[in-house]
Amino acid sequence: MKKLNNLLLIAMLMLMSATTWAQGTLMGTVTDDNGEALVGVSIGAVGTGKSTSTDVNGKYTLSLPKGAYQINFAYTGYVPVSKAVTISDGSMTLDITMESSDNTLEEVVISTGSRNTQRTITDSPLPIDIFSSADLRATGQPSFDRALTYRVPSFNSVQTPVNDATSLLDPYEIRNMGPSRTLVLINGKRKNASSLVYIQTSPGRGEGGADLSAIPADAIKRVEILRDGASAQYGSDAIAGVMNVILKDRYEYGSVTLNTGITSKGDGEMIGLSINNGANFGEKGYINYTAALSYSALANRPGDVDRTGEFNDFLFTSPDNYKNYLDANGNLGGQSLDGLTEDQINAAFSNFMSTQEYTDRLNQINTDNAAGQTQVDEYLRRYPDARNVNGDPEKASGRFLINAGIPVGENAEIYGNAAYVYKKVNSFANFRTPYWRGPENNPYAVLAAAEGKAYDGYGPTFEGDLTDYNATVGLRGEKNGWNSDLSFTTGSNQQLYTVNNSRNRDLGLNSPLTFKPGGYAFSHNVMNIDISKMLVDNLNFSLGSEFRQETYEIIQGDTASYVGGGADSFPGTRSNNASKNSRNNIGGYVGLAYDITEDFLIDATVRTERYSDFGNTFVYKVSSRYKLLDDKLTLRASYSTGFRAPQLHQIYLQIAQQSFVPGQGIQNKGIFNNASPQAKLLGIPKLKPEESTNFTAGIGLKPNSNLNITLDYYNIAVDDRIILGSEITATGNANNALDQVLTANGIVAASFFTNGINTRTSGIDMVVSYRNVNAGSGKLGFNLAANYVLFNKLSGAKSVSDYEENDGKATNYQDYSSLPNGDVINPKLIADAGKSVFDFTQEALLLSSRPQYKAILGIDYAVGKVNVALNNTLFGPTTFRQAGLDQNLKTVFKPAVVTDLSLNYQISKTLSFGINANNLFNILPKWELKARNSAGEAILADPAQVKTQSNLITFNQRYAIVTYDGSQFSQLGTTLAANLTVRF
């Protein structure tokens, strides 16, 4: 027995030795073309499931059994390397040099724009931009959406001057089409929309989009932006284009990044910390996660308030207006004015002016005016900006995102990603000066007195708490040539609001000082199945289906926030406005891609969808590409129809206020939802989908591997475009049918969402890229990208803004009720009264508030461990016609060039440092009033009238830089930023 045990022990030792002898070790160092070690290069032996990555010194080891292998080396921004090796006994050294490739993104297999075979950007029949995470970081901008503004000419986003809920996310758009007409995808799956609808007079009014700022930039591998309609492939919202955010997947290296920044004014301090890490499992499995924390302090840019404007707005009593001499019963010198004509009233006032009562009252008016002017002057001497706060509000956020893939067998994968974002924003309403909100029945006056201080006004805050999450899980694979992808996606966005340091004036001294006005929530659940197969060598077939369920909720505020007039600055949501509504839709598509020859491609897709609330829709798309001159010249074009379903927000949003007026009963005013009784009374029809047609044609030139030129023309027609209509009020004629309906139902003023206009948008996109230009011991790269809007107008022969006096056209906004060619779609009752759901303020916001042209010229220089980038962004003119501005004038923001400079230094293999000077020359938006006709020229010739008009659109110069409606770029001026990154 003892001998048998010894024999077994000897056999085991021999087996272990044989196994050890059969193992070999592959080792080496991976460097770049400058001899610097590359950290985190992925190294794998094909077909074995064995992989590793380089350490901080660029070294690696990989244990493999004896045999022949194909070893792959991959690293973002470098040309992949594949080497055949034979492992024998002992160890083998294989050192690798990887070449940097600025052309890498051109050869990336894009996943946006077609449901058929995926192609590289040079093979695609559609205009697609691709940006890496390094491209976004190089802008030095604090968030994803702001980085895109300085990378993509047709993408625009800027902070609004009047914040409120808009401070939680800035409105953005591609090709001047509004935030709701760009579909946002995460790894090819639909991201949930925000719960916010922009209702201020700012770009994007009446719409909402996804929260782009919620996506941490360090989690992004690349961004694909399709500049073309894609409703046939993706369904609703993809009218202007599609933005597909591709997340980091295979783990290459971990990193920690510290960001900090400040404006040249010494405010807006920013600090952020981000970590990206992960792990790989075998040859294909991975997990990659990012956590990011950030804080930005307030950056304040108020103007010095005009004293005359303040006095006239708040305290001036006109001595020439008879109404200021009426007694408590409405009589003038004891005479009733009921039933008198205007001429008779003027005659009665003329007689009254000879009385002692008139003289006494006139003296009192003059005394009060003098005291009022003194009060304003004294306050503004102490506080030239009237203590107003506007600019970039205080923000804090935490973001977490994870992306993972687990192989299942040889040809399948379970994948998933999830993200959670919390954002806190603290902004301010206009400061309530003591001559605006007096001390009478005011708790702030009582508090000031208790502290032995004089009452000096109060500044309401607006605080927003945003939570946003999205998650996807799916299974994709290939069997017998059939590719399939089954997935489930969920997402939600909720915003809850707080108003501090305010009061409800109707509650007097019993008013609380803090309010919870309520908020909004939106969620969706999406199920997708996508299938494709190459039927023959040159014909690919695809089909798929999507089911989506959406829910929109308006959250009620606390009672004190809405009772009476509600919280001063931001009244809460009343119980009759709160609601929760849902819908679902199911759609399907079929596509064919036919490579007629190696150079000639035709791609076609058709789609049908059914929505539970409005029925069916059918759209299609055809695109083609033809390559010439050995692929150096590419011609491409597409034509498609599209649609955008009305958002649940647009159907059910209601911000209506009811109040009791003695002798007149309950009065209604505000935004009434599309399904409300008030909408039906005024003949507002049920919302239906927008319908669109897109035509794009372009040319691509690639004379050599370093020079690329693309030029694309686009034309987008949108019919039944949904707008948040202008406020409808009575005409003043008791016999008018509109007035009778309004009076009978206690409606003082009402706005509605409606399919109100038809628009046409056309423009040109150009991109020129020239790279790898030898310059001394380094390399230069040049990139010029531009967008020019040929027109963006209502669909008729002219846009109303072109109806100048010399054309013989009237210039009053009421003419929107009778425009030719169906430009504006007004309900009959409203049109017959000479009113319209659309006015000149809205026209400017929707059609001319974004730059007419925009160009970005970038120059990069890399030498050794240093990389320098200089970017110049030309913002073209924008035009506004603010509410209150004389209809014969318009506000034009002048073209301006914003210069950004960045420098990055690779201190060591694991440590890099970067600095950015954004808006290096402190360029601020500049605007001027321009005449629309001879009447406008007369106004501009009078300095007093110019000052009055300027005060009207800037709230007496509080918003002197950007006016009340916004500008084409930020008002913050120069911003300095720095970052330190540690790789591990």
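Colleague: How far apart are the closest N and O atoms in the salt bridge of aspartate 720 with lysine 688?

Modeller: Happy to start there. This is a predicted model, and in it the closest N and O atoms of aspartate 720 and lysine 688 are 3.7 Å apart. A salt bridge needs a side-chain nitrogen of Lys or Arg within 4 Å of a carboxyl oxygen of Asp or Glu, so the pair qualifies. The two residues come from distant parts of the chain, 32 residues apart: aspartate 720 belongs to strand β36 (residues 707–724), while lysine 688 sits in the loop between α11 (677–681) and β35 (690–704).

Colleague: Is aspartate 720 buried or partly exposed?

Modeller: Buried means under 20% relative accessible area. Aspartate 720 counts as buried, because its relative accessibility is 15%. Lysine 688 has 40% and counts as partly exposed.

Colleague: Which residue does arginine 760 meet in a salt bridge?

Modeller: Its partner is aspartate 719, at 3.1 Å from N to O. Arginine 760 lies in strand β38 (residues 753–775) and aspartate 719 in strand β36, so this bridge ties together parts that are 41 residues apart in sequence. Both ends are partly exposed, arginine 760 at 22% relative accessibility and aspartate 719 at 28%.

Colleague: Which residues do salt bridges with shared partners join into one network?

Modeller: The network consists of Glu546, Arg548, Glu550, Arg583 and Asp613. One of its links pairs glutamate 546 with arginine 548, whose closest N and O atoms are 2.7 Å apart. Glutamate 546 is buried, at 5% relative accessible area, and arginine 548 is buried too, at 1%.

Colleague: How many salt bridges does the count come to?

Modeller: The count comes to 38 salt bridges.

Colleague: Let's turn to rings. How many aromatic pairs are there?

Modeller: The count is 32 aromatic pairs. Take phenylalanine 600 and tyrosine 626 as a worked case: their ring centres are 5.6 Å apart and their planes stand at 75 degrees, so the pair is edge-to-face. The cut-off behind that label is an angle over 60 degrees. This pair also links distant parts of the chain, with phenylalanine 600 in strand β30 (residues 600–611) and tyrosine 626 in strand β31 (residues 615–628), 26 residues apart.

Colleague: What are the relative accessible areas of phenylalanine 600 and tyrosine 626?

Modeller: Phenylalanine 600 has 26% and is partly exposed. Tyrosine 626, at 36%, is partly exposed as well.

Colleague: Which residues do ring pairs link into a cluster?

Modeller: Look for Phe314, Tyr379, Tyr383, Tyr435, Trp436 and Phe955.

Colleague: Over the face of which residue does arginine 175 lie?

Modeller: Arginine 175 lies over the face of tyrosine 714, at 3.7 Å from the ring centre.

Colleague: Finally, which residues make the nonpolar surface patch?

Modeller: The patch covers about 860 Å² and is made by Leu258, Ile271, Leu273, Tyr295, Leu903, Tyr905, Ile907, Phe913, Ile915, Leu980 and Val982. To place the patch on the fold, follow strands β19 (270–281), β44 (896–906), β45 (911–918) and β47 (975–983), each of which supplies at least two of its residues.

Colleague: Where is valine 982, and how exposed is this residue?

Modeller: Valine 982 is in strand β47. Its relative accessible area is 36%, and valine 982 is partly exposed. Patch residues need over 30% relative accessible area, so valine 982 passes that cut-off.

Terms used. Residues are numbered from 1 along each chain as its sequence is written. This is a predicted model: local features need pLDDT of at least 70, side-chain atom pairs count only at pLDDT 80 or more; totals for chains, interfaces and linings use all residues. Side-chain values use heavy atoms; hydrogens and water are left out. Rings of Phe, Tyr and Trp (its six-membered ring) pair if their centres lie within 6.5 Å; planes under 30 degrees apart count as stacked, over 60 as edge-to-face and the rest as tilted. Helices (H or I, at least four residues) and strands (E, at least two) are DSSP runs, numbered from the N terminus. Buried means under 20% relative accessible area, exposed over 50%, partly exposed in between (1.4 Å probe, protein chains only). A charge sits over a ring if NZ of Lys or CZ of Arg is within 6 Å of the ring centre and within 35 degrees of the ring normal. Patches are made of residues with over 30% relative accessible area and no salt bridge: like charges are joined within 9 Å, nonpolar side chains (Val, Leu, Ile, Met, Phe, Trp, Tyr) within 5 Å. Accessible areas come from the Shrake-Rupley method with a 1.4 Å probe; for residues, only the protein chains shown count as cover.
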